[in-house]
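Biologist: Please put the structure up. I would like to go through its fold and its disulfides.

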Amino acid sequence: MNTEPNATCLTFGGHVEIDKYRYLYFTIMFTMYILIICSNSTIVCLIVIHRSLHKPMYVFIAALLLNSVFFSTVIYPKLLMDFLSEKQTISYRACLFQVFFFYVSACTEFLLLSAMAFDRYVSICKPLQYPTIMGRRTVNTLLVLAWLVPACHIAVPVVRNANLKLCSFTLKGIFCNNTVQSLPCANSRALLMYGAAVMFNVTLLPMLLILFTYAKILVVVYWSCGEVKKKAAQTCLPHLLVLINYSCLLIYDLIIVRMESDFSQTARFVMTLQIVIYNPLLNPIIYGLKMKEISKHLTLLFCQVKVS
């Protein structure tokens, strides 16, 4: 096999009995992909159409749901093609592109959740200053940074890996993630340290900021009236549920991928499918059911469809 990195063909070795269950896998994942696209897009369209939802909190929710669609589109089309193919392969260059967009969208989610936590903090703890602090310029800046910061961080190791000589050509997973770090003949210590710094900057640091922000909110809410407590519960609980759900992705990446834990191939396969299904599908469900304004507009939409 040609060991020139960009010309190298990699094989996915994480599938389980794909010859036997390929059509079942394809049907399930294709159905999930359609549900993810439709559910996320429906709520985004509602937020765009209704002026009552043109508020920072709902703008961040729309950005989060669009990011879920982007995250799924990075994974699903190639995954569906592989289920129907005799060989599950990908070029090294295409694999690095998938790694880049996968981790950019993953890190963007944490930064968007941080922006949403900050928005809730200002709304509940500093309501009089909310219109001034959370103006259009602030919201636009936070949105741009949520995508730009991860892209700049992730680009460095991806570009660096593109020129490394490979000694292994089989990935343990079913799509490209941090397992590509095990392919080069020699791993750069500086690159590994940079990867740890990236993880801290765009995942752990935002998570700590989110936890600190909600802790401050809880302190304020504890001494407030019942109306404030109700408002905090209605708007903060969905964000916390999404944070807990999405943190599973980080735990998976740390335990299974980076530490190369001794999990069976079937366990890896099942856990990987859960990662790419649960979060993009649960986000619109959580926000659609738990956010009062969005739930109201969804109910009206379904009633109109039913009448038609």
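This is a predicted model: local features need pLDDT of at least 70, side-chain atom pairs count only at pLDDT 80 or more; totals for chains, interfaces and linings use all residues.

Biologist: What is the order of the strands in the open sheet?

Modeller: The sheet has three strands with mixed pairing. Strand S2 (89-91) and S3 are the edge strands, as each pairs on one side only. The order is S2-S1-S3.

Biologist: In which sense do S1 and S3 pair, parallel or antiparallel?

Modeller: Two bridges link strand S1 (residues 9-12) and S3. Phe12 has Leu171 in S3 as its bridge partner. The sense is parallel.

Biologist: Which helix packs on the sheet, touching S1, S2 and S3?

Modeller: The direction of this helix makes about 90° with that of S2. The helix spans residues 92-125. The helix is H3.

Biologist: How many disulfides does a search of the whole structure find?

Modeller: Another joins Cys167 to Cys185, S to S 1.8 Å. Counting bonded cysteines along the chain, the pattern is 1-3, 2-4. The search finds two.

Biologist: How many residues apart in sequence are the parts that Cys95 and Cys176 tie together?

Modeller: Cys95 lies in helix H3, while Cys176 sits in the loop between strand S3 (170-171) and helix H6 (189-222). The link therefore ties together parts whose separation in sequence is 81 residues.

Biologist: What is the handedness of the link between Cys167 and Cys185, left or right?

Modeller: The link of Cys95 and Cys176 has -125° about the S-S bond and is left-handed. For Cys167 and Cys185 the torsion is about 95°. That disulfide is therefore right-handed.

Biologist: Is Cys167 buried or exposed?

Modeller: Its bonded partner Cys185 is partly exposed, at 38% relative accessible area. The cut-off for exposed is over 50%. Cys167 has 53% relative accessibility, so Cys167 counts as exposed.

Biologist: What is the relative accessible area of Cys125?

Modeller: Buried needs under 20%. Cys107 is buried, at 5% relative accessibility. Cys125 is partly exposed, and its value is 21%.

Biologist: Are H5 and H6 roughly parallel or roughly antiparallel to each other?

Modeller: Their axes are 10 Å apart, at an angle of about 165°. Angles over 145 degrees count as roughly antiparallel. H5 and H6 are therefore roughly antiparallel.

Biologist: In what kind of crossing does H5 pass H6, left-handed or right-handed?

Modeller: The contact brings together residues of both helices. In H5 they include Val149, Cys152, Ile154 and Val156, and in H6 they include Leu191, Tyr194 and Val198. The crossing is left-handed.

Biologist: Which residues does Leu84 touch, not counting those up to four places away in sequence?

Modeller: Leu84 lies in helix H2 (residues 56-84). Leu84 is partly exposed, with 42% relative accessible area. The residues touched are Arg22, Tyr23 and Phe26.

Biologist: Is His15 buried or exposed?

Modeller: His15 is found in the loop between S1 and helix H1 (18-49). Leaving aside neighbours within four places in sequence, His15 is in contact with residues including Leu79, Asp82, Ile174 and Phe269. The relative accessible area of His15 is 8%, under the 20% cut-off, so His15 is buried.

Biologist: What share of contacts between residues at least 6 apart in sequence joins residues at least 24 apart?

Modeller: The protein has 308 residues, and buried residues make up 49% of them. For the contacts asked about, the share is 82%.

Notes
Residues are numbered from 1 along each chain as its sequence is written. Side-chain values use heavy atoms; hydrogens and water are left out. A disulfide is a pair of cysteine sulfur atoms within 2.5 Å. Helices (H or I, at least four residues) and strands (E, at least two) are DSSP runs, numbered from the N terminus. Buried means under 20% relative accessible area, exposed over 50%, partly exposed in between (1.4 Å probe, protein chains only). Two strands pair if DSSP finds at least two bridges between them. Contact means heavy atoms within 4.5 Å. Axes are lines fitted to C-alpha atoms, for helices over the stretch in contact, and angles run from 0 to 180 degrees between N-to-C directions. Angles under 35 degrees count as roughly parallel, over 145 as roughly antiparallel, 65 to 115 as roughly perpendicular and the rest as oblique. A crossing is left-handed if the near helix is turned anticlockwise from the far one by less than a right angle, and right-handed if clockwise.
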